[in-house]
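User: Hello! Could you walk me through the fold I am about to show you, one topic at a time?

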Amino acid sequence: MAHFKVEDLSISFGGLKAVNGVSFNVTKNSIFSIIGPNGSGKTTIFNLISGIYKPDSGSVILEGENLIGYLPDKIARRGVARTFQNIELFTNATVMDNLMLGRHIHMKTGIWSGATMWGRRSRTAREEIANREIVEGIVDFLELQSVRDQFVANLPYGKRKLVELGRALALEPTILLLDEPSAGMNTEEKEDLNIWIKDIQEDYRVTILLIEHDMNMIMGISDRIFAMNQGEKIVEGTPDEVQRHPQVIEAYLGEEE
């Protein structure tokens, strides 16, 4: 049963259909990858799902609720977290500070949280400890212990990518959108990332939507693949079905030329 689905999603920019009537279902706790040449509409779909763009038509449904029209922050509160092609971190803050920022939607302390100032402080302290414990677990999981107190600006690119992944995990998402997570990584970092993505699926029980150009990675970890070109679906199926499809082969050979 699909717990996340996109139905007949379309958006145009200046008369050009960037996404045209795209529909797909994603089963819970699966890895669903979207592939296609540059400019085929992949990131636009992520922008529609996460509320950055509003579609001309269509629905984005999570657990029966249509997310269209919600602001990005509300969509995040519904359990949709995201990483970006271009890393979006606070470079003049530490790794721990960036990960703690991922907890912001779970910070419940407010003006009515205690009858007295002491009550509020005590509640705030407990909440801080609980949130720090979750972040410490992510630091251990992604093996970021050695850089936890370093400023993000001082980290190599591959480590920054991991910090962004960690911040998305700190939101405790049910849906995780990963946009080109291996871009800029070396071979060893990519191999580690493969393992982490599978571990996130298995240990955190997260449904993952993945955009990625590394076909070895896509074919190795995806449960299902959605191939598109020029804003439209070419084929959807298992990795084996998709990589044999003539239009997928043509689209990728065309890009290489």
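The questions and answers below go from the whole chain to its sheet, helices and aromatic rings.

User: Happy to start simply. What share of the chain counts as buried?

Analyst: A word on the source: this is a predicted model, where local features need pLDDT of at least 70, side-chain atom pairs count only at pLDDT 80 or more, and totals for chains, interfaces and linings use all residues. Residues are numbered from 1 along each chain as its sequence is written, and side-chain values use heavy atoms, with hydrogens and water left out. The chain holds 9 helices and 10 strands, which are DSSP runs numbered from the N terminus (helices H or I, at least four residues; strands E, at least two). Taking buried as under 20% relative accessible area, exposed as over 50% and partly exposed as in between (1.4 Å probe, protein chains only), the buried share of the 257 residues is 47%.

User: Thanks! In what order do the strands of the open sheet lie?

Analyst: Two strands pair if DSSP finds at least two bridges between them. The open sheet has 6 strands with mixed pairing, and its edge strands, β6 (80–82) and β10 (232–237), each pair on one side only. The strand order is β6-β7-β8-β3-β9-β10.

User: Which residues of β3 are buried on each of its faces?

Analyst: β3 is joined to β8 by 4 bridges in a parallel run, with Ile31 opposite Ile208. With β9 it also pairs in the parallel sense over 4 bridges, and there Ile35 has Ala227 as its bridge partner. Because 5 of the 5 residues of β3 are buried, the strand is largely enclosed by the rest of the structure. One face carries Ile31, Ser33 and Ile35, and the other carries Phe32 and Ile34.

User: How many bridges join β7 and β8, and what is the bridge partner of Ile175?

Analyst: Strands β7 (residues 175–179) and β8 (residues 207–211) pair in the parallel sense, over 5 bridges. The partner of Ile175 in β8 is Thr207.

User: On to the helices. How are α5 and α6 oriented to each other?

Analyst: Helix α5 (residues 157–170) and helix α6 (residues 187–203) have axes 11 Å apart, at an angle of about 10°. Axes are lines fitted to C-alpha atoms, for helices over the stretch in contact, and angles run from 0 to 180 degrees between N-to-C directions. Angles under 35 degrees count as roughly parallel, over 145 as roughly antiparallel, 65 to 115 as roughly perpendicular and the rest as oblique. The two helices are therefore roughly parallel.

User: Which residues of α6 meet α5?

Analyst: Contact here means heavy atoms within 4.5 Å. From α5, the residues involved are Gly158, Leu162, Leu165 and Leu169. On the α6 side they are Glu189, Leu193, Trp196 and Ile200.

User: Now the rings. What kind of aromatic pair do Phe32 and Phe226 form?

Analyst: Rings of Phe, Tyr and Trp (its six-membered ring) pair if their centres lie within 6.5 Å; planes under 30 degrees apart count as stacked, over 60 as edge-to-face and the rest as tilted. Phe32 in strand β3 and Phe226 in strand β9 are 194 residues apart, and both are buried. With 6.4 Å centre to centre and 35° between the planes, the pair is tilted.

User: And what kind of pair do Phe141 and Tyr204 make?

Analyst: Phe141 counts as buried because its relative accessibility is 16%, whereas Tyr204, at 31%, counts as partly exposed. The ring centres of Phe141 and Tyr204 are 5.0 Å apart with planes at 65°, so the pair is edge-to-face.
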